[in-house]
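Visitor: Please take me through a close look at the part where the two chains meet, and tell me what each side brings to it.

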Amino acid sequence: MSDSTAVEHGAEAGGHAHSEHPHYLLHHFESVEQQADASGFAMWLFLLTEVMFFSGLFVVYMIYRNWYYPAFVAGSHQLSVLLGGVNSVILITSSLTMALAVWFAERRKKNALLACLVTTLLLGIVFLGIKGLEYKEKFEKHHFPGATFSLESFVNPASDPVAVAAGDKPLPVDTAQRTELFFALYFAMTGMHALHMIIGMGLLVFIIYRARQGAYTTGHTQFVEYFGYYWHFVDIIWIFLFPLLYLINRH
Amino acid sequence: MSSTIVSLPDQSTARIPKDNYLTRENGILSWLLTRDHKRIGILYLISMTFFFFIGGALAGLIRLELLTPQSDLMAADTYNKVFTMHGVVMIFFFLVPSVPGALGNFFLPMMIGAKDLALPKMNLASWYLYMAGGLLTLWAMITGGVDTGWTFTTPLSTHYVNTNVITTGLAIFIAGFSSIFTGLNFIVTIHKMRAPGMTWFRLPLFVWANYAASILMVLGTPVLAVAIVLVALERAFGIGVFDPTKGGDPLLFQHLFWFYSHPAVYIMILPGMGVISEVISTFSRKRVFGYTAVAFSSVAIAVFGFFVWAHHMFIMGISNYAVLVFSLLTMLVAVPSAIKIFNWAFTLYKGSITFETPMIYAFGFMGLFTIGGMTGVFLGVSGTDIHLTETYFIVAHFHFVMVGGMLMAFLAGIHFWWPKMTGRMYPEKISQLAAVITFIGFNLTFFPQFILGTLGMPRRYASYPPEFQILNVFSTAGATILGVGYLLPVLYLVWSLKYGRIAGDNPWQATGLEWQTQSPPLTENFAVPPIMDHEAYDYEWLENQKAKEVASVG
């Protein structure tokens with residue numbers, strides 16, 4: 001992949017082969033191609049470290065899901081497939097707008113670039129807003145792990161309309177207690193994902209600010225492009241989280 | 001037979017080049033905001049020396065407490081905090097960044113003929129993260145400390161202690177990013193920044209070793225990060241992932257932790273092995289025997305290193321079949337390590353060996369690392385492991401690898417490249433003495449601990465039965481000698497900055513590209529971008545170069 005970006009940039013840079021060094025070429029690189037090649041490779045390596053970070057969480061999830069499957073099913077039934085589904089669509093759409101942003105940056109269309117970046121940011125905010133609503137509901141039902149965690153929805157599903165709708169049977173207390181692990185992982189994994197989104201949105205604000213100054217519409221689009229990789233990565237993590245957390249036993 | 005290969009310029013006329021990376025810019029800000037890999041290497045060197053002596057002072061306290069069987073110098077829980085801090089500081093703030101941070105930053109770009117690392121800003125950021133992590137650790141230490149051991153074993157760290165676990169964890173998390181940035185930077189640099197003609201199999205073995213270590217840093221460190229995050233969440237919110245009362249499993253923490261921390265010992269040792277390859281070749285005037293095998297053994301260590309982590313848990317209730325598999329894999333790691341040792345030995349064979357200080361350290365490395373590595377096999381065999389684990393045997397084993405191996409390699413590297421870094425030679429006689437003192441002190445300190453371990457003295461206790469005292473007294477005495485061995489280089493290396501003899505470009509007649517430029521180097525490393533037209537360690541090429549120079553001057 002880094003090679004193909006290099007080729008792409010190589011073709012672009014060929015236009016001003018004999019002109020002055022572009023201002024964004026750092027002193028220690030021989031050429032724009034080498035710089036693009038190196039920084040693109042670095043970005044992919046960085047994403048690899050992110051994959052390893054989330055892999056740790058996925059391993060923990062996989063083990064406990066295998067051990068405590070009934071509790072994970074009951075816990076999963078407490079999550080709203082509708083809200084999760086809407087959020088998935090929102091996030092995929094934001095990836096589309098992000099990809100378009102890169103496309104417009106490469107074609108040096110400043111206003112279209114700005115529009116796409118702002119849309120991406122707004123979609124991110126909506127996603128986090130919906131996520132916040134879901135978290136709020138969990139806190140209210142005492143499904144946040146810790147001292148206040150309540151087993152009511154699992155040992156006595158009749159008391160909880162969500163559990164009734166899912167057709168849950170009452171769980172024995174020791175099984176029901178394991179739902180706490182499900183919610184612990186739910187909060188840890190979606191929380192880590194949300195944290196990555198917040199960091200991404202912080203960067204996005206910076207990029208919008210710089211894009212208004214025309215920084216990315218002069219041919220040097222790398223930063224937008226690499227941010228796009230990051231944004232897609234965060235999106236992909238969600239694509240895994242959604243079925244693993246929301247859709248257990250709902251096929 | 002000449003007894004030395006050192007060739008210095010005529011001291012009456014030689015001068016340090018006026019324009020070099022040290023003199024190009026001045027002032028404190030030119031250092032703190034520098035993007036020059038050489039200056040960042042120096043920053044790392046100074047700061048990690050600082051952390052080394054903090055960790056060393058803590059080690060001194062440990063040995064002093066163990067002089068007597070009772071817990072008398074400090075209370076038992078203070079002792080716990082002291083050995084925890086010794087471990088945390090030494091591992092995360094000295095051993096992991098030592099060779100890559102100081103020597104790797106400085107020399108890796110020069111060795112491949114590049115002007116700088118691929119991502120200079122990220123390189124500087126890695127030093128700042130390292131400092132932030134280090135200072136936060138010291139903060140945690142002076143505001144109450146942490147007493148879990150450097151392994152943060154659950155459920156001890158999550159449920160049973162009330163010390164600065166989260167602060168220290170955060171510090172390690174931050175330092176982990178520093179390590180990731182360094183590793184990432186090295187990988188990108190080695191792939192994309194090599195000079196024309198510098199093919200993969202012309203790279204110095206130091207570069208190969210750092211490449212392998214970088215892979216481990218990039219793949220392993222994030223897993224440590226997630227383990228630390230989960231411990232912090234467990235402590236802060238009681239999420240139950242490591243809590244048996246909630247269905248969690250404390251052993252899972254060990255899996256995550258050792259998935260990083262076992263490869264981490266290879267992060268620590270591999271760059272050291274790279275240094276040894278350079279030194280052995282230079283001071284026996286021969287190409288490293290079996291270059292390809294040594295290069296690939298680094299990569300093999302990196303790959304195997306990821307599949308042996310569970311040997312830290314043989315007594316902790318993992319399944320017998322897992323023990324079998326991990327035991328086998330652990331013994332397999334000994335193979336590439338042995339390949340290195342044998343190849344270095346064959347490099348020495350019929351070489352013109354001279355005994356300058358770096359070479360003495362390198363010999364020390366070979367002996368001590370071999371002992372450390374072999375005892376590692378004892379611990380990899382589950383039968384003996386059950387007897388020996390959590391005793392002083394294991395303490396001795398990893399100190400032989402880490403201190404006897406890695407620290408010797410680090411000192412070998414510092415002496416070897418000191419003339420290039422500063423433009424001046426260190427004083428030879430006293431540094432040879434320091435190397436010998438270190439070797440003697442080291443053996444006196446840690447060899448008795450093998451015996452203590454087989455006798456069954458457990459690690460991590462402030463007191464012990466009186467019959468173990470004599471060996472502990474030996475060990476403490478050795479630690480004192482070792483301390484002198486480490487203090488001496490600091491003194492004479494600082495002295496040499498002003499009074500050392502002018503080194504010239506290539507005092508060792510070494511073949512690496514870093515020696516084919518002025519000392520100290522220019523900010524951009526090479527006056528003319530180099531083209532690599534010969535194999536690594538090609539001493540004939542070097543002879544021809546010299547002959548050509550003489551001819552052209554004549």
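Guide: A residue is called buried here if 20 or more other C-beta atoms lie within 10 Å of its own, and by that count 39% of the 251 residues of chain A are buried. Please keep in mind that this is a predicted model. Chain A has ten helices and zero strands, and its radius of gyration is 23 Å, well over the 18 Å that the globule rule gives for 251 residues, so chain A is more spread out than a compact globule.

Turning to the contact itself, 27 residues come from chain A and 31 residues from chain B. On the side of chain B that touches chain A, helix 7 (165–192), helix 8 (205–237) and helix 9 (250–284) each give two or more residues, and the largest share, nine residues, comes from helix 8 of chain B. By class, that side of chain B holds 22 nonpolar, five polar and four charged residues.

For one pair in detail, consider helix 2 (residues 32–67) of chain A and helix 7 of chain B, whose axes come within 9 Å and cross at roughly 140 degrees. Because of that angle, helix 2 of chain A counts as oblique to helix 7 of chain B, and the crossing is right-handed. The residues that meet include Phe41(A), Leu45(A) and Phe46(A) from helix 2 of chain A, and Ile180(B), Leu184(B) and His191(B) from helix 7 of chain B. Taken together, the contact of these two helices has nine nonpolar, three polar and two charged residues.

Key: Residues numbered from 1 in each chain as written. Chains lettered and ligands numbered in written order. Predicted model: local features only at pLDDT ≥ 70, side-chain atom pairs only at ≥ 80, totals over all residues. Contact = placed C-beta atoms within 7 Å. Helix = DSSP H or I, 4+ residues; strand = E, 2+ residues; numbered from the N terminus. Nonpolar A, V, L, I, M, F, W, Y, C, P; charged D, E, K, R; others polar. Axes fitted to C-alpha atoms, helices over the stretch in contact; angles between N-to-C directions. Parallel < 35°, antiparallel > 145°, perpendicular 65-115°, else oblique. Left-handed = near helix turned anticlockwise from the far one by under 90°. Rg over C-alpha atoms; globule rule 2.2 N^0.38 Å. Buried ≥ 20, exposed ≤ 12 C-beta atoms within 10 Å, placed from the backbone.
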